[in-house]
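Please open the structure in your viewer and keep the selection tool at hand. The stops below take you from one place to the next, saying what to select and what is there.

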Amino acid sequence: MRKSVFIVALLALGWLTACSSTAPTPRDTNATPAPYSTVVLPSGYRPLQQGDAVEGVTIGYQFILPSYEQPIAVIAASPYLLHFVSIKPALRDGLIAYIREFPQNKTVLAFDETDPNQNAPKPMTWNTNQPVEIALIPLPEGKHVWSVTEEDENGLQAAYKIVRRKDGGLRFIDAYGKAATFSAAGLNTTNGTGMGLMFSARLALLRMILSDSRYQVGKNVMQDHLPDYSQYDPRILKLDPSKEGIAMNRDWVLVTIPGPNSGMAAP
């Protein structure tokens, strides 16, 4: 069997698995309950939430950590990722501590949400008193401007974007194309499916990304400046360098199960 045909077969298998599973709803998990899906918190902060659009992709659910009274982080996801994203309870406190340690008063190359015509990242700071938002979405179709793109001979495969929100806070948008999404969705591990590992790996490098301008703009920057094991925060992704392949990844904070919405055709 030719390599290209074999890859298509694997992706199709992941698609069938996702479609045949019972789709969970946010109330089945530890996501922010639906009655609070359109809310402004007592502090005046309006979190990224259900129905909002990020790069034209609709958000389906969100997690506000550690609480409404003291929001530090919002993890928001599209319902069109094939798998539902949740936070592993045992690693939740480590995730909160990790985000609290993001660089303070640091200039980053980013996009200003108040300037829709901005076509390239520019130096700016964000208000560190505001919660950090992390949006997980499928790579949208059409022309979009990103901080960093990951491309191969078949074109754009993944991208991320650093944004200073209208309220001055930080938003990190992490987007993946069909090939990566279906490959990860079809990978079963001892800690959920491979999509959680894919999201967690990026999240484990986010503090590094915000601290080093080499990772804030360009194409294939991770390949040009390959991170070493120590740069993956162990509270987000625990690695065992003595192992090889998937076995190297021991544990991670974002876990995934099939559902809640198929939402995209297999590549």
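On this tour a residue is called buried when its relative accessible area is under 20%, exposed when that area is over 50%, and partly exposed in between, as found with a 1.4 Å probe and protein chains only. The model is a predicted one, in which local features need pLDDT of at least 70 and side-chain atom pairs count only at pLDDT 80 or more, while totals for chains, interfaces and linings use all residues. Residues are numbered from 1 along each chain as its sequence is written, and side-chain values use heavy atoms, with hydrogens and water left out.

Begin with salt bridges, meaning a side-chain nitrogen of Lys or Arg within 4 Å of a carboxyl oxygen of Asp or Glu; the whole structure has 16 of them. Select Asp212 and Arg214, whose side chains form such a bridge at 2.8 Å from N to O, and note that Arg214 is partly exposed, with a relative accessible area of 42%. Then select Glu113, Glu133, Arg165, Asp167 and Arg171, which salt bridges with shared partners join into one network.

Move on to Asp233 and Arg207, where the closest N and O atoms of a salt bridge are 3.3 Å apart. Asp233 sits in the loop between helix 6 (221-224) and strand 15 (237-239), and Arg207 in helix 5 (residues 206-211), so the pair ties together parts that are 26 residues apart in sequence. Helices here are DSSP runs of H or I with at least four residues, and strands are runs of E with at least two, numbered from the N terminus. Is Asp233 buried or exposed? Asp233 is buried, at 6% relative accessible area, whereas Arg207 is partly exposed at 28%.

Next, select the aromatic rings. Rings of Phe, Tyr and Trp (its six-membered ring) pair if their centres lie within 6.5 Å, and planes under 30 degrees apart count as stacked, over 60 as edge-to-face and the rest as tilted. The structure holds five aromatic pairs. In one of them, Tyr98 and Phe102, the ring centres are 5.3 Å apart and the planes stand at 85°, so this pair is edge-to-face. Tyr98 is buried at 0% relative accessibility, and Phe102 is buried as well, at 3%. Select Tyr61, Phe63 and Phe84 to find a cluster linked by ring pairs.

Finish at helix 3 and helix 4, where Ala180, Thr181, Ala184 and Ala185 of helix 3 meet Gly194, Met195 and Met198 of helix 4, contact meaning heavy atoms within 4.5 Å.
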